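Open the model in your viewer and keep the selection panel at hand. Each stop below names what to select and what is there.

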Amino acid sequence: MKRDRILVIDGNPLDGAALRAALCERGFDAVEASSAEGALALVPSFQPAAVLADVTLPGCEGGELAGRLRELGSDAAVVVAAPHDRLEAAVQALRAGAESFLVRPVDAGQALVVLQKALEKRGLRRDRAELRERVRARAALVGTAPEMQGVIELVRRVAPTKATVLVLGESGTGKEHVAQALHEASPRRDRPFVRVNCAALSEALLESDLFGHEPGAFADSEERHLGKLELADGGTLYLHEVGSLPPPVQVKLLRVLQQGEMERMGGRETLRVDVRVVAGAQHDLAEEVRAGRFRDDLYYRLNVVAVALPPLRERKGDIPALVNHFLEAAARTQGSEVVGVTPGTLSALFAYDWPGNVRELASVVEHAVSVARGREITAEDLSPVLHGARPEESGASALIPGATLFEIEREAILRTLEQCGGSTARAAEVLGVSVRKIQYRLKEYRSGVPGRRHPELEDVYAEAHK
């Protein structure tokens, strides 16, 4: 088992040696230094998990040590030790990033307890940072198709604002990913991101889930329940299938959006909440308004900014990048050695219409990674629904991970042209790009733009230029 490394900095060699010995006896890997400069020189190679430093040493005054550790890229937890007459220096160190402090002379037992707590907090910080990176990776919006680029640019511009956003798109197009991306790119990123599925609950349960309830609000409600609006205070609330909201809940939500006020069910206290609302809908809310099933005033409040997500069948040019994104995530989760797909498999993915959109593609890739027999996904590894007319495997061995975007796009265009008999019009339709773009790219490929040539596809080049 790997032992935590502790760096002890003490100007008194005897005290430093005693602390180091005590820490080693308790299972730590400890080294000592008699000066701040000497200790900092050890940081890159030793990489301590924690530093126990005498705050009276030159270079350790106040928060100077914590700051210099950060400059070296170290996230070591800092614990300082100060005599009774220098406690103000310890307080300054705490304000500058130190985790805790001890009073000199340092008791080895007490130092052990304080260091252990500091290491636990460091571990929690690392776990939170890793989780946030995973969340941000999942929230990443992937795509180079013009329609998707418009969505990404709109999200970038709107995210820092407080504007309510209505995300429209078919099921599986990634409406929640847009909501998550808006949250992660906003000043609210360190506050909660809370989801509510408006179509999954009855009216009473949905109202309680959103607004909470007081004891006695209804049968068997013996305790106070905080609703999602309170839990999302300061953060973002995503309302999935907002068109399913019952009329009474629509009225209460409108008040939250207009005045930032609400009451729990069965309560009389008016509560203030600061929540950015992002609503998702796969049906036209304007039509719901015309039919009298959705309040027009709530619709206008939700539709401050509208983001329309295109279905995958209209942005097939994004399939290589999406496959790469989902493949890396699935391989990491499953501990798989799969690193790419064969060109023929990519062609099979282009030929499918994806009624389940991006969500279906993610499921297909996850399935393929699970059953793949080698390091590349082949057509045999795809879900049965894609087992129609499979293109023959090509001898080309370009893989998506490790390839450049130029290579990925070239592979998609040339293989699609091959399946379409060289028809640039049909290939453009399949890929969701313009004919002009394909013709322009073909000129690039033939003019020697860096990248692997496709001598076996010379007939495709010739057919496309007839």
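Select Trp-354 and show its contacts (heavy atoms within 4.5 Å). Leaving out residues up to four places away in sequence, Trp-354 touches Leu-312, Ile-319, Leu-349, Glu-360, Leu-361, Val-364 and Leu-386. This is a predicted model, in which local features need pLDDT of at least 70 and side-chain atom pairs count only at pLDDT 80 or more, while totals for chains, interfaces and linings use all residues. Residues are numbered from 1 along each chain as its sequence is written, and side-chain values use heavy atoms, with hydrogens and water left out.

Stay on Trp-354. It sits in the loop between α14 and α15. Helices (H or I, at least four residues) and strands (E, at least two) are DSSP runs, numbered from the N terminus. Is Trp-354 buried or exposed? Trp-354 is buried, because its relative accessible area is 0%. Buried means under 20% relative accessible area, exposed over 50%, and partly exposed in between (1.4 Å probe, protein chains only).

Now check the backbone. Most residues other than glycine have a negative phi. Trp-354 has a positive phi of about 55°, although it is not a glycine. Move on to Asn-357, in helix α15. Asn-357 is not a glycine, yet its phi is positive too, at about 60°. Asn-357 is also buried, with a relative accessible area of 0%.

Next, select α14. Eight of its nine residues are buried, so α14 is largely enclosed by the rest of the structure. The buried ones are Pro-343, Gly-344, Thr-345, Leu-346, Ser-347, Ala-348, Leu-349 and Phe-350.

**The cores**

Widen the view to the largest nonpolar core. A nonpolar core is a set of buried Ala, Val, Leu, Ile, Met, Phe, Trp, Tyr and Cys residues joined through side-chain atoms within 4.5 Å. Which of its 36 residues touch the most other members? They are Ile-319, Leu-349, Trp-354, Leu-361, Ile-377, Leu-382 and Ile-438. Colour the helices α13 (319-334), α14 (343-351), α15 (357-371), α16 (405-419), α17 (424-431) and α18 (435-446): each supplies at least two residues of this core. The core draws at least three residues from each of domain 3 (319-387) and domain 4 (401-465). Those domain bounds come from an automatic or database domain assignment.

A second, separate core has 31 residues. Leu-210, Leu-245, Ala-286 and Leu-302 are among them.

Now pick Phe-211, in helix α8 (residues 203-211). Phe-211 counts as buried because its relative accessible area is 0%. Residues up to four places away in sequence aside, its contacts include Gly-227, Leu-229, Val-249, Leu-253, Val-256 and Met-262. Phe-211 and Met-265 are 54 residues apart in sequence, and their C-alpha atoms are 6.8 Å apart in space.

**Strand β3**

Jump to Asp-54, in strand β3 (residues 50-54). An unreviewed UniProt entry annotates Asp-54 as "modified residue: 4-aspartylphosphate". UniProt positions are given in the numbering used here, feature names are shortened, and annotations may be inferred rather than shown by experiment. Asp-54 counts as buried because its relative accessibility is 7%.

Step back to Ala-53, also in β3. Ala-53 is buried, at 1% relative accessibility. Its C-alpha lies 9.4 Å from that of Ala-33, 20 residues apart along the chain.

**A cis bond and a pocket**

Select Arg-104 and Pro-105. What kind of peptide bond joins Arg-104 and Pro-105? The bond is cis, with omega about 0°. Most peptide bonds are trans. Pro-105 is found in the loop between β5 (100-103) and α5.

Finish on the lining of the second largest pocket, to which α2 (36-46) and α5 (108-139) each supply at least two residues. The largest share, four residues, comes from α5.

**Zoom out**

Show the whole chain. It has 19 helices and 14 strands. Of its 466 residues, 46% are buried.
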